[in-house]
Amino acid sequence: MIASSDILAGRMARRAAQVRPAAPDVFEIKEGQYLQINDVEGRQVSEMVCFNKHDLREMLSTSHTRGINNSLMLVKGMTIYSNRRNAMFALIEDTVGRHDILLPSCDRRRYNDDYGLINHPGCRDNFFRELKPWNIDYDRIPDPVNFFQNVGLRARGEFEIREPLSERSDYVLLRALMDMVVGVSACPQEQSPATAFNPTDILIRVYI
């Protein structure tokens, strides 16, 4: 059973999608609507990118999100910002409390360089494929918010990728603060602890 929220009581889900690894869902969301991202089985990273629907040159910026929130981590009560410093999403509920806004999406080059795998799907390549109806160029896909990803920092500043803390049916709930085109993926990374070496599905719902 997927976790529910009191904020969503009486609201209607206008969209629901089971997002499988390597097959992101891209959709439009209106200001004031809610996006719930659920970790169906647990220990699965979900990447999210977003763009201003009315001007696609304005997009998610994790660097501005870090700077404006004065934090390396994204936690409940914080706001996600664009490259123009405009508010895009408010994180209003979070049953996990550990997400990443430091790392870029994986892509074919990363799998080739790091693991010797040729043409392995990565979230950036997959987002590009699904964003073609909006004519968004590959180089304009922003670094994502990595929901449920557990990234630690070692003493000298090195990243340490750990298994997510999310369990079955954990979720985040976001409120849209502008009209947007949003992409949500279930990360297909099976080569590291990022998904406990076992990519699984993500469930998304958009509420009006």
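Guide: Ala, Val, Leu, Ile, Met, Phe, Trp, Tyr, Cys and Pro count as nonpolar, Asp, Glu, Lys and Arg as charged, and the others, Gly among them, as polar. This is a predicted model, where local features need pLDDT of at least 70, side-chain atom pairs need 80 or more, and totals for chains, interfaces and linings use all residues. Numbering runs from 1 along each chain as its sequence is written, and side-chain values use heavy atoms, without hydrogens or water.

Visitor: Which residues lie nearest the centre of the largest pocket?

Guide: A rolling probe the size of a water molecule shows where space is left empty. Here, Leu103, Cys106, Arg110, Gln149 and Ile161 lie nearest the centre, among 17 lining residues. (A pocket is an open set of 1 Å grid points, over protein atoms alone, where a 1.4 Å probe fits, with protein on both sides within 12 Å along at least five of seven lines; lining means an atom within 4 Å of a point.) The lining holds 9 nonpolar, 6 polar and 2 charged residues.

Visitor: Which residues have the most contacts inside the largest nonpolar core?

Guide: In soluble globular proteins, nonpolar side chains tend to be buried together. This core has 31 residues, with Leu35, Ile37, Met48, Phe89, Phe147 and Val182 making the most contacts inside it. (A core joins buried Ala, Val, Leu, Ile, Met, Phe, Trp, Tyr and Cys through side-chain atoms within 4.5 Å; buried is under 20% relative accessible area, 1.4 Å probe, protein chains only.) A second, separate core has 13 residues, including Phe51 and Val181.

Visitor: What does Val182 touch?

Guide: Its contacts (heavy atoms within 4.5 Å) include Asp25, Phe27, Leu35, Met48 and Phe89, leaving out residues up to four places away in sequence.

Methods: Buried means under 20% relative accessible area, exposed over 50%, partly exposed in between (1.4 Å probe, protein chains only).
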